[in-house]
Amino acid sequence: MRNHSAVREFVLLGLSTNPYVWPILFAVFLLVYLLTLVGNSLMLLVIAADSHLHTPMYFFLRQLSFLDLCHSSVTAPKMLENLLSEDKTILVESCLVQAFFVFATGGTEACLLAAMAYDRYIAISSPLLYSQVMSNQLCVGLVWISWGLAFVDALLNILLAVGLDFCEDQTIPHFSCELSSLFPLSCSDTSTNFILLLCSSVMHFFGTLVMIVCSYARIVSTVLRVNSTTGRSKAFSTCVSHLTTVILFYGSGFISYLLPSSGSPVEMVFSLQYSLITPMLNPLIYSLKNKEVKAAVRRTIRKHL
């Protein structure tokens, strides 16, 4: 029999091996997850309910909130379950499914952030043509392309990983299943898997990052030609929220996903930021300094009181 037929489950070591810390970690990350659900759900509700926010920028922001709900829900429930249980096992099939959705939702978000950067470039460089260029058809098309590319990319990597044989060592030094965590557990030659993952990451994540950098280079070039200091400040202010999200997402995502899985505290911190903290912060980033969102929240509250 093949080796992986005997290995039916893995053990997720989680955030800590100290059982006395588990209740504290459970309370903290339950709060983080609930704030993520509430914050992004409210963002979805406010954008849908207020007609003033029915613009391309907020269309993409609505998609981002939905993605953050999906991305955090892929890992958080299992992590919280393991913090309450001494049995920290996960079926091999369930682990591969989780790895697929982690990759797919993360990849979709990378593409969506690139589309949002292009939206900001058009809004600043061609404000009079903005509504014509960023038509509803183009916005919907960009979202579908984002989902499609990410899911095809994830599917190719997972289908190749399904054929791996796994050895006796079933321990994953992580709180969730990711492809880079599964490769060290395999008895098979994973060089092809690693090359495919590396190529996917370079083309998908670095490719979208290059598009974002190019969009912001053009934005800076456009803004610097504006004579008014107030105009330059106003133009840059519309990009601050998106740029903050890009830095949080790509900074933690690259480090947590591309470095070898070792279970070190530093790796755990970046993985948590990528999987849970950034989805929780995004609604705050886009609402605290956004007058339109604040006004929409007030109008929505008054409407329902």
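**Entry 1: Leu42**

I located Leu42 in helix H2 (residues 22-49); helices (H or I, at least four residues) and strands (E, at least two) are DSSP runs, numbered from the N terminus. The model is a predicted one, in which local features need pLDDT of at least 70 and side-chain atom pairs count only at pLDDT 80 or more, while totals for chains, interfaces and linings use all residues. I number residues from 1 along each chain as its sequence is written, and side-chain values use heavy atoms, with hydrogens and water left out.

I looked up the accessibility of Leu42 and found 48%, so Leu42 counts as partly exposed. For this term, buried means under 20% relative accessible area, exposed over 50%, and partly exposed in between (1.4 Å probe, protein chains only). I then checked Leu42 against Val297: the two are 255 residues apart in sequence, and their C-alpha atoms are 9.0 Å apart in space.

**Entry 2: Helix H6**

I compared the length of helix H6 (residues 136-162) with expectation. The expected span is 1.5 Å times one less than the number of residues. For the 27 residues of H6 this gives 39 Å, and the end C-alpha atoms are 39 Å apart, so the two values agree.

I listed the buried residues of H6 as Cys139, Val143, Ser146, Trp147, Ala150, Asp153, Ala154, Asn157, Ile158 and Ala161. An α-helix has 3.6 residues a turn, so residues three or four places apart point the same way. The buried residues of H6 pack against helix H3 (56-84), helix H4 (92-125), helix H7 (179-182) and helix H8 (191-224); contact here means heavy atoms within 4.5 Å.

**Entry 3: H6 against H8**

I found that H6 and H8 pack at an angle of about 170°, with their axes 9 Å apart. That makes H6 roughly antiparallel to H8. Axes are lines fitted to C-alpha atoms, for helices over the stretch in contact, and angles run from 0 to 180 degrees between N-to-C directions; angles under 35 degrees count as roughly parallel, over 145 as roughly antiparallel, 65 to 115 as roughly perpendicular and the rest as oblique.

On the H6 side I noted Leu149, Ala150, Asp153, Leu156, Asn157, Leu160 and Ala161, which meet Thr192, Asn193, Leu196, Leu197, Ser200 and His204 in H8. I sorted the residues of this contact into 7 nonpolar, 5 polar and 1 charged, where Ala, Val, Leu, Ile, Met, Phe, Trp, Tyr, Cys and Pro count as nonpolar, Asp, Glu, Lys and Arg as charged, and the others, Gly among them, as polar.

**Entry 4: Ser215**

I placed Ser215 in helix H8. Ser215 has 9% relative accessibility and therefore counts as buried. Leaving out residues up to four places away in sequence, I found Ser215 touching Ala117, Tyr118 and Tyr121.

I found Phe175 in the loop between strand S3 (171-172) and H7. Its relative accessibility is 2%, so Phe175 counts as buried. Apart from neighbours within four places in sequence, Phe175 is in contact with Leu12, Gly14, Leu15, Met79, Met268, Ser271, Leu272 and Ser275. The C-alpha atoms of Phe175 and Leu272 are separated by 9.0 Å.

I placed Ile277 in helix H10 (residues 265-288), where Ile277 is partly exposed at a relative accessible area of 25%. Beyond residues up to four places away in sequence, Ile277 touches Val32 and Leu272.
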